[in-house]
Amino acid sequence: MDGTEYWVVNGKVDVDPFSNPQINTPEALMQRSGGVHVKTGHKGTVVRWAMFASNWASLYYVAETLSGLRGPYTFEFFLSGWFSQTVQDPTEAYLRLHDLIVKSDIHLRQKTFVKAMETDNLGTVSNLIGETLVGGRADPETCVDCVYDPSTGRFVVERIGTSSSLAKLYGMSPDSFPCLTGHSYDTIVSQAYKQSLKTEQVVYDHVMAVFPVNDTVNKWMGYQRAIVPYSFGDGRKGVSVVTDFADVEITLP
């Protein structure tokens, strides 16, 4: 398979995984240090690990990045011998990897929380979100437009406002983490998109989630959000989402 291969150790990509002379083989790295090997290219992605090693953080990292890697996705894991499973769809691959993690008796902490807020109680609302809720419309420069794809049931980013929170954090790239579909963040936050589209009402909520801020660091961030139902000129349906990094009424468990 042509492409890229790398090791994930302790929840982050390790550029020099064999620096320890006592762990100088792939088997030792998997079994003793919980290393997870990823190889991805035009023919798909292969993930290899030892089932009962201390690798939950690394497997979680891989699960959250699967949607940005090319399929099909093959999982090769050691459990009294090597086993292999291949999944075509990134969402199914994400769910299957989590199933395999659970089978290792490893329980992961949820990384995305959403709290619905009442639009008649704006005591903690930021100025940007408050203006959106009062006006009932989203400023094109500060919002992100997402189109609903009825064939997949997902929302796809159509346009990123130049002054939106997404643009400020990740730039205008439609391939950044918040824009990708199929991982847990997308699944959780897009439920409110469906609610707004179904009711044709503006939805106001608070979100607390882990965001990758570079290749090796994840950070908890909270933001307020106004979701406005939107009809595109060609008849497609979707939502315009305005977010603002501000105080949220969410307490992590």
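Is aspartate 234 buried or exposed? Let me start there, because aspartate 234 has a relative accessible area of 53%, and that makes it exposed. The cut-offs go like this: buried is under 20% relative accessible area, exposed is over 50%, and partly exposed is in between, with a 1.4 Å probe and protein chains only.

Quick background, everyone. This is a predicted model, where local features need pLDDT of at least 70 and side-chain atom pairs count only at pLDDT 80 or more, while totals for chains, interfaces and linings use all residues. Residues are numbered from 1 along each chain as its sequence is written, and side-chain values use heavy atoms, with hydrogens and water left out.

Okay, back to aspartate 234. Its salt bridge partner is arginine 236, and the closest N and O atoms are 2.8 Å apart. By salt bridge I mean a side-chain nitrogen of Lys or Arg within 4 Å of a carboxyl oxygen of Asp or Glu. Arginine 236 also pairs up with glutamate 158, this time with the closest N and O atoms 3.0 Å apart. Arginine 236 sits in the loop between β11 (218–231) and β12 (237–244), and glutamate 158 is in strand β9, so this pair ties together parts that are 78 residues apart in sequence. When I say strand or helix, I'm talking about DSSP runs, numbered from the N terminus: E for strands, at least two residues, and H or I for helices, at least four.

How open are those two? Arginine 236 comes out at 32% relative accessibility, so we call it partly exposed. Glutamate 158 is partly exposed too, at 43%. Shared partners then join Glu158, Asp234 and Arg236 into one network of salt bridges.

How many salt bridges does the structure hold? Seven. One of them links arginine 159 and aspartate 145, with 2.9 Å between the closest N and O atoms. Arginine 159 is in strand β9 (residues 154–160) and aspartate 145 in strand β8 (residues 143–149), so here the parts tied together are 14 residues apart in sequence. Aspartate 145 is at 7% relative accessibility, so it counts as buried, whereas arginine 159, at 29%, counts as partly exposed.

Last stop, helix α2, residues 56–65. This helix is mostly covered, with seven of its ten residues buried; among them are Leu59, Tyr60 and Tyr61. Now find valine 102: it's 46 residues from tryptophan 56 in sequence, and 9.6 Å away in space, C-alpha to C-alpha.
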